[in-house]
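Please work through the exercises below with the sequence and the model at hand. Try each task before reading its solution.

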Amino acid sequence: MPDSPFHITAEAEAFLPARNNAGKPITVIGTEAIRSGFDQTCIDQALNSRSAPGVTDLVLNPDAHAGYGAPVGCVMVSPTHIYPGPVGVDIKCSMSLLQMDIPAEEIVDKTIRRRLIEAIVARTPTGAGRGQREAKKSRRVSADLGVQVCTEGASKSVCEALGIPPEWALRCEDSAHVGHDGNISTLHERLDKMRAFNGFPGFENKMTQLGSYGGGNHFGECEVVQLADDPAMRRTAEVFGLQDNRVAFLSHCGSRGFGNILAQRQFKALEGFFRTWGMSFPAEDKQLVYAPLGTPEADAYLDDMALGANFATVNHMLINALVLEAFQEVLPGAKGQLVYFISHNIARQEVVNNQLSWVHRKGATRAFPGGHHALKDTPFAETGHPILLPGNPRDGSVVMVAKPDAVKSCYSVNHGAGRCMGRKAAARTLDQKAVDADFDTHDILFNSRQYPIDEAPNAYKDFKEVLRSVESAGLAQQVCKLKARFVIKDAAEADD
């Protein structure tokens, strides 16, 4: 591309010099076709983030596009500072995959798929602000149970109270998060304080959103698993619990309105801190506010992030339990097992370059290969953990597994295809009839009258090229493809 800012190092690898050549360059994962799609705002945000205080590493993934302060689709590492922007307003937005023993041919009939859609929607509502009251077969969550959810995550007690198989917690990237000091009691104190001073008057209402998708790009999608032919990947699939030509269900959602409120309040609080002390925003962008680790401001953010993350974890676990229940209603005797639950909007402590750091993944997915020390004593110690990458319903999604070379991207890959068209641009450019006809041609059903045009497949990057970027860079390998059979998605704007 003319006047390209990238320094090419391999087919799908490049780097961006740090601003004023100060510090480590930005690692860029993407083929030429992908790199040419990065707009200037995305590149500017990457440079701004790399030059922010305490940042030692920044990775730009092939799905990257302009975000809140930092690009969506980036990894940002700091051993000394915590940044809310590269986590975002939907704390611990995540993916989960439920594998069922249902043969693919059992859902060929459109009538069966329609009944499944109705059964799922009766349990897991979609749409901004919607929750258990809008779904007659949902689980009701009291304020007291909500407190337990937010402070304990997917504990055995919480799972049993909500009808979630407790063993599913072993299939989570993180089944629970604790306070900044490693204690659950700290989260109780933080939440009690917020509620006591009327800091969370809508807490009970937000708890009624447990077990729901919300709006925007969140979805539930019925899939057929298609395993790769590679014998090694077949063995990996067996460890993951994937079953060839059987039905699975892929979910994408986060911490709903609860996480949104926590994040928005933290942004305002930190902006106020900067102004009170006369500090300059990094690159004059208030969305890149930060807190030095060990300060009361950092501790407060880490506690709030943990509360939101615990909500998001249980939200996914409950959705999967309700989805399995819906399948069992329509197809009695069906059995299901959680394959994995993994986040792409979270900051976690990990070792990077032999230094304990906070790794911020904004629209980025952790990718630990087999043998990584963090996977010790997990079911995935030898293979590496499942990586759940959604593409779009028409072109499919994939499950991947990391390779040792993922170290060069801070053990991270993209979180999906990534947008190539803004929501307003999609509404102006795309034709609704053509979008719906495309789904009909591919025999993919959906729950709404019209498929949300701003979420149409053509509003996203070419998923095949995104995957080629990951594979060419040697970061990860496909274990299976997921072929969509129906989609649960709301046309309303995201409330989170």
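The model is predicted: local features need pLDDT of at least 70, side-chain atom pairs count only at pLDDT 80 or more, and totals for chains, interfaces and linings use all residues. Residues are numbered from 1 along each chain as its sequence is written, and side-chain values use heavy atoms, with hydrogens and water left out.

**Exercise 1. Aromatic pairs**

Task: Classify the ring pairs Phe274 with Tyr290 and Phe327 with Phe486.

Solution. Rings of Phe, Tyr and Trp (its six-membered ring) pair if their centres lie within 6.5 Å; planes under 30 degrees apart count as stacked, over 60 as edge-to-face and the rest as tilted.

Step 1. This rule gives 19 aromatic pairs.

Step 2. Phe274 and Tyr290 have ring centres 4.9 Å apart and planes at 85°, so they form an edge-to-face pair. Phe274 belongs to helix α9 (residues 256-276) and Tyr290 to the loop between α9 and β10 (291-292), so the pair ties together parts 16 residues apart in sequence.

Step 3. For Phe327 and Phe486 the centres are 6.5 Å apart and the planes at 20°, so this pair is stacked. It links helix α10 (residues 296-330), which holds Phe327, with strand β19 (residues 476-488), which holds Phe486; these parts are 159 residues apart in sequence.

Step 4. Check burial (buried is under 20% relative accessible area, exposed over 50%, partly exposed in between, with a 1.4 Å probe and protein chains only). Phe274 is buried at 0%, and Tyr290 is buried at 9%. Phe327 is buried at 0%, and Phe486 is buried at 0%.

Step 5. One aromatic cluster consists of Tyr83, Phe273, Phe274, Phe281 and Tyr290.

**Exercise 2. Charges over rings**

Task: Which rings have the charged end of Arg265 or Arg419 over them?

Solution. The test requires NZ of Lys or CZ of Arg within 6 Å of the ring centre and within 35 degrees of the ring normal.

Step 1. Arg265 has its charged end over the ring of Phe200, 5.1 Å from the centre.

Step 2. Arg419 lies over the face of Tyr460, 5.0 Å from the ring centre.

**Exercise 3. Loop residues**

Task: Describe the backbone phi and the exposure of Asn21 and Tyr411.

Solution. 

Step 1. Asn21, in the loop between β2 (13-16) and β3, is not a glycine, yet its phi is positive at about 55°. Asn21 is exposed, at 64% relative accessibility.

Step 2. Tyr411, in the loop between β16 and β17, is likewise not a glycine and has a positive phi of about 50°. Tyr411 is buried, with 19% relative accessible area.

Technical notes
Helices (H or I, at least four residues) and strands (E, at least two) are DSSP runs, numbered from the N terminus.
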